[in-house]
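Dear colleague,

Here is the structure I said I would pass on. My notes on it follow below.

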Amino acid sequence: MDPSEENLDEFVSELTRCQMDLFYFIRALTGDMHAAYDIRQAVNMVLWKKREKFRPGSSFKNWSFQIAQLEVKSHLRKQRKSPLVTFDDKLFDLFATEFADTVDELPERRAALSNCLAKLTPKDTELLRHRYWSGGSLETLANDTHRSVGTLKARLHQLRAGLRRCIEGQLHQPESS
């Protein structure tokens, strides 16, 4: 096989492998799931255009995250016209660097979260789904379940804290042989 074909095969393999981490990285930086999809697509286009610069054996993830960071900055600059978006560039760079350093933990964190979510009661699972997946308001759920919004907010706070403890506990358990 021609070396350039091998490089292209490795490039495509690395690009495919990093899509989920790239999405989570972009989403963490933007806080917007829809923007993250669009920005990831833009990052993929830049990566494809610059594929000749990829060196097999180097860290594709670091390279793609650097490009993603630039694309997110560009997106945020365009959004700065909105009075709601104010993000200091130095803070952004610090956050992006910190997140990039921990992204390798994401698969383990997702698995731990899944295990912890499985331990919840159906009522708590419904509350989390309503709040974080359906995008419904707490007022609607409060009316539907005959609970107060304050009660739901307090329970969400307790659930988040409990899930955080559960995840950290699972991540720090010694592996069994």
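Is Asn 62 buried, partly exposed or exposed? Asn 62 is partly exposed, because its relative accessible area is 44%, where buried means under 20% relative accessible area, exposed over 50% and partly exposed in between, with a 1.4 Å probe and protein chains only. Asn 62 lies in helix α4.

Before the rest, a word on the source. This is a predicted model, in which local features need pLDDT of at least 70 and side-chain atom pairs count only at pLDDT 80 or more, while totals for chains, interfaces and linings use all residues. Residues are numbered from 1 along each chain as its sequence is written, and side-chain values use heavy atoms, with hydrogens and water left out.

Overall make-up

The chain has nine helices and zero strands. Both are DSSP runs numbered from the N terminus, helices being H or I of at least four residues and strands E of at least two. Along the sequence the pattern reads α-α-α-α-α-α-α-α-α. The chain has 177 residues, of which 29% are buried. Of the contacts with a separation of 6 or more, 62% are between residues 24 or more positions apart; contact means heavy atoms within 4.5 Å.

Aromatic residues

There are 10 aromatic pairs in the structure. Rings of Phe, Tyr and Trp (its six-membered ring) pair if their centres lie within 6.5 Å; planes under 30 degrees apart count as stacked, over 60 as edge-to-face and the rest as tilted. Phe 11 and Phe 60 are edge-to-face, because their ring centres are 5.5 Å apart and their planes stand at 75 degrees. This pair links distant parts of the chain, with Phe 11 in helix α1 (residues 3–17) and Phe 60 in helix α4 (residues 60–79), 49 residues apart. Phe 11 and Phe 60 are both buried.

Phe 60 also pairs with Phe 54, again edge-to-face, at 5.2 Å centre to centre and 80 degrees between the planes. Phe 54 is buried too. One aromatic cluster is formed by Phe 11, Trp 48, Phe 54, Phe 60 and Trp 63. Over the face of Trp 48 lies Arg 51, 4.0 Å from the ring centre; a charge sits over a ring if NZ of Lys or CZ of Arg is within 6 Å of the ring centre and within 35 degrees of the ring normal.

Another residue of α4

Ser 74 is also placed in helix α4. It is partly exposed, at a relative accessible area of 25%. Ser 74 and Ile 39 are 35 residues apart in sequence, and their C-alpha atoms are 9.7 Å apart in space.

Contacts of helix α9

Helix α7 (residues 122–133) and helix α9 (residues 149–171) have axes that come within 11 Å and cross at roughly 100 degrees. Axes are lines fitted to C-alpha atoms, for helices over the stretch in contact, and angles run from 0 to 180 degrees between N-to-C directions. On the α7 side the contact is made by Asp 124, Leu 127, Leu 128, Arg 131 and Tyr 132, and on the α9 side by Leu 152, Arg 155, Leu 156, Leu 159, Arg 160 and Leu 163. By class these are seven nonpolar, no polar and four charged residues. Ala, Val, Leu, Ile, Met, Phe, Trp, Tyr, Cys and Pro count as nonpolar, Asp, Glu, Lys and Arg as charged, and the others, Gly among them, as polar.

The axes of helix α8 (residues 138–145) and α9 come within 9 Å and cross at roughly 110 degrees, so these helices are roughly perpendicular to each other. Leu 138, Glu 139, Leu 141 and Ala 142 of α8 meet Val 149, Leu 152, Lys 153 and Leu 156 of α9. This contact has six nonpolar, no polar and two charged residues.

Val 149, in helix α9, is partly exposed at 24% relative accessibility. Leaving aside residues up to four places away in sequence, Val 149 touches Leu 138, Glu 139 and Ala 142.

The loop between α8 and α9 contains His 146. His 146 has a positive phi, near 60 degrees, and is not a glycine. It counts as exposed because its relative accessibility is 74%.

Regards

Technical notes. Angles under 35 degrees count as roughly parallel, over 145 as roughly antiparallel, 65 to 115 as roughly perpendicular and the rest as oblique.
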